[in-house]
Amino acid sequence: MVPRILLLGGTSEASALARRLAARIADHAGLHVVLSLAGRTEHPAPQPVPVRVGGFGGAEGLEDYLKAERIAAVLDATHPYAARMSFNAAEACAAAGVPLLALRRGPWMPVAGDRWREVADVPAAVAALGDAPRRVFLALGRNEVRAFEAAPQHVYLVRSVDPVTPPLAVPDAEYVLGRGPFGEAEDRALLEAHRIDTIVAKNSGGSATYGKMAAARALGIEVLLIARPAFPAVPAVETPAEAEAWLLDRLGAHGADSSTGDTGSSPARGADSPSARGAGLSAERGA
C-alpha cells in the first residue's frame, strides 16, 4: 500500500516541503501526500500536491480522519501561532498511533538597534498602544485586526492577503493587499510613506516577512511583538529538508538518493528542545 501522508500547512515551509515530496512522487516514489489548509485565505497559492481545505472537527475529528484515510504519518507545518491545531494534531496522532513531526521555524531574535516590546496577545497589544494617537502598521491576520476598533484614536495601516471586510470601524485606516515575501526596501518605503511610528506583529520567524523588522530597526520604529503561544511536546525540526529526511526514515527509505539534492538532515528535536518549547522571546523578554 502506498503510504498516505498528511501535511498540515499554511506556511512557506509547508509549501517547500510539499514541493520536495512532489518531486519524489514525480520520481516514482511510493508516496501519497495531502496538504491540509485551514481555509483562512480566500485564494491560497497553488500547491504541487492535492489540497483539502477546512477543519477536521477538533482532535476527535482529526483522529477519525487519520483512521479513515489510513494516514501513515503527519507533518505539522502550521503557522507558529496556530497552536490549537498543533495541540489537536498531537492529541489525535497519539490516540490513533500515527507518527507526528512538527516543522517549526525558529523565532526572530532581537539585535542591536531593535526597539521591540513583547506583549502577551492581541488585546495586550491594543492596550500597549496607549491613549496618545499613534500611526500604527498592523501586520496581523485580517480577523485579528478587528480588536483594534477598541482604540479608534490611532491611525492604522493594515496589510493582508485578502480584503478586510467590512473595514475597521475607526475614523482613519488604510489597507494594502499583498502576499509575502516582503523585502526590507519595500517595507521601509511603505513605513515611510505612511509615517508609521509603531508596528504590531507576530514573532513569525523566517525570512518571508522579516523585511518590516529590518526596516523598523533602520527607522527607529517601535515594534509591539505578540508572544508565541506554547507548543505541544512532540519531536520537531526547523527545515523542510529535515522533515523530509525524518519522513523517509519513518517509511524505511532514508538511504535512498534524494531527488531534490542533499537534505542536510539532522535528528528531530525532542520535547525539551527550544523548537519544541516554543519559548519565543522568553530569554530576551526585556528587549
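Accessible area here comes from the Shrake-Rupley method with a 1.4 Å probe. On that basis the protein chain exposes about 13000 Å², and carbon and sulfur atoms supply 53% of it. Keep in mind that this is a predicted model.

Now the overall picture. The protein chain has 287 residues, and 47% of them are buried. It contains eight helices and 12 strands. Take the contacts between residues at least 6 apart in sequence: 69% of those join residues at least 24 apart.

Next, helix packing. Two packed helices are described by the angle between their axes and the distance between the axes.

The crossing of H1 past H7 is right-handed. H1 contributes Glu13, Ala16, Leu17, Arg20, Leu21 and Arg24 to the contact, while H7 contributes Pro240, Ala241, Ala243, Glu244, Leu247 and Leu248. Sorted by class, that contact has eight nonpolar, no polar and four charged residues.

The other pair is H5, residues 184–193, and H6, residues 211–219. Here the axes come within 8 Å and cross at roughly 55 degrees. So H5 is oblique to H6. H5 passes H6 in a right-handed crossing. Residues making this contact include Asp187, Arg188 and Leu191 of H5, and Lys212, Ala215 and Leu219 of H6. By class, the contact of H5 with H6 has six nonpolar, one polar and five charged residues.

Key:
Residues are numbered from 1 along each chain as its sequence is written. This is a predicted model: local features need pLDDT of at least 70, side-chain atom pairs count only at pLDDT 80 or more; totals for chains, interfaces and linings use all residues. Side-chain values use heavy atoms; hydrogens and water are left out. A crossing is left-handed if the near helix is turned anticlockwise from the far one by less than a right angle, and right-handed if clockwise. Helices (H or I, at least four residues) and strands (E, at least two) are DSSP runs, numbered from the N terminus. Contact means heavy atoms within 4.5 Å. Ala, Val, Leu, Ile, Met, Phe, Trp, Tyr, Cys and Pro count as nonpolar, Asp, Glu, Lys and Arg as charged, and the others, Gly among them, as polar. Buried means under 20% relative accessible area, exposed over 50%, partly exposed in between (1.4 Å probe, protein chains only). Axes are lines fitted to C-alpha atoms, for helices over the stretch in contact, and angles run from 0 to 180 degrees between N-to-C directions. Angles under 35 degrees count as roughly parallel, over 145 as roughly antiparallel, 65 to 115 as roughly perpendicular and the rest as oblique.
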